[in-house]
Amino acid sequence: MGKEQMMALSSEEMVNNYLISQKKTIVDGVKQILACAEIFKMEKLQYSEEELKQEIENAEAGFKQFNQEYDKERVVEQAKELLEGAKVLDWLVENTDITYKTV
């Protein structure tokens, strides 16, 4: 892909069109992230330092395996987010009932 094609794909108009077309998906994703963070906080869920360390090591190993550069701070943040999500999912499985209704 040439430089001109890359510039065209990243133009302000293309970005705006993408955001407009994906608005519902983006909004739903943000809602899920906020809900997850709120449950994690309200239920006082925690992960251990060992779990965090292991998650960071796994992520870094993946980058190193493919000789990819990465931002250490971002890896740590993503590891925290992943662990929070896993803890919330575990909590939901243990503490909620799902009722299926036929329509």
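Tyr18 is located in helix α2, where helices are DSSP runs of H or I with at least four residues, numbered from the N terminus. The model is predicted: local features need pLDDT of at least 70 and side-chain atom pairs count only at pLDDT 80 or more, while totals for chains, interfaces and linings use all residues. Residues are numbered from 1 along each chain as its sequence is written, and side-chain values use heavy atoms, with hydrogens and water left out.

**Nonpolar surface patch**

- Helices α2 (12–21) and α3 (23–42) each contribute at least two residues to the nonpolar patch.

**Helix α5**

- Helix α5 covers residues 72–95, a run of 24 residues.
- From its first C-alpha to its last, α5 reaches 34 Å, close to the expected 34 Å at 1.5 Å a residue; the expected span is 1.5 Å times one less than the number of residues.
- Val75, Val76, Ala79, Leu83 and Val88 of α5 are buried, where buried means under 20% relative accessible area, exposed over 50%, and partly exposed in between (1.4 Å probe, protein chains only).
- These buried residues of α5 pack against α3 and α4 (49–65), with contact meaning heavy atoms within 4.5 Å.
- At the start of α5, a side-chain oxygen of Asp71 comes to within 3.1 Å of the backbone nitrogen of Glu73.

**Salt bridges**

- Side chains of opposite charge can pair when their charged atoms come close.
- A salt bridge is a side-chain nitrogen of Lys or Arg within 4 Å of a carboxyl oxygen of Asp or Glu, and by this rule the count is six.
- In the pair of Asp28 and Lys24, the closest N and O atoms are 2.8 Å apart.
- Asp28 and Lys24 are separated by about one helical turn because they are four residues apart in helix α3.
- Asp28 is partly exposed at 29% relative accessible area, whereas Lys24 is exposed at 62%.
- Lys41 forms a salt bridge with Glu38, with 4.0 Å between the closest N and O atoms; both residues lie in helix α3, three residues apart, about one turn of the helix.
- Lys41 is exposed, with a relative accessible area of 58%, and Glu38 is partly exposed at 36%.
- Arg74 forms a salt bridge with Glu81, the closest N and O atoms lying 3.8 Å apart.
- Arg74 is partly exposed at 38% relative accessibility, and Glu81 is partly exposed at 46%.

**Glutamates of helix α4**

- Glu57 lies in helix α4 and is partly exposed, with a relative accessible area of 36%.
- Glu57 and Val75 are 18 residues apart in sequence, and their C-alpha atoms are 9.4 Å apart in space.
- Glu60 is also found in helix α4 and counts as buried at 11% relative accessibility.
- Not counting residues up to four places away in sequence, Glu60 touches Tyr70, Lys72 and Val75.

Terms used:
A polar contact is a pair of N or O atoms within 3.5 Å; within protein, one must be able to donate a hydrogen and the other to accept it, and residues adjacent in sequence count only if both atoms are side-chain atoms.
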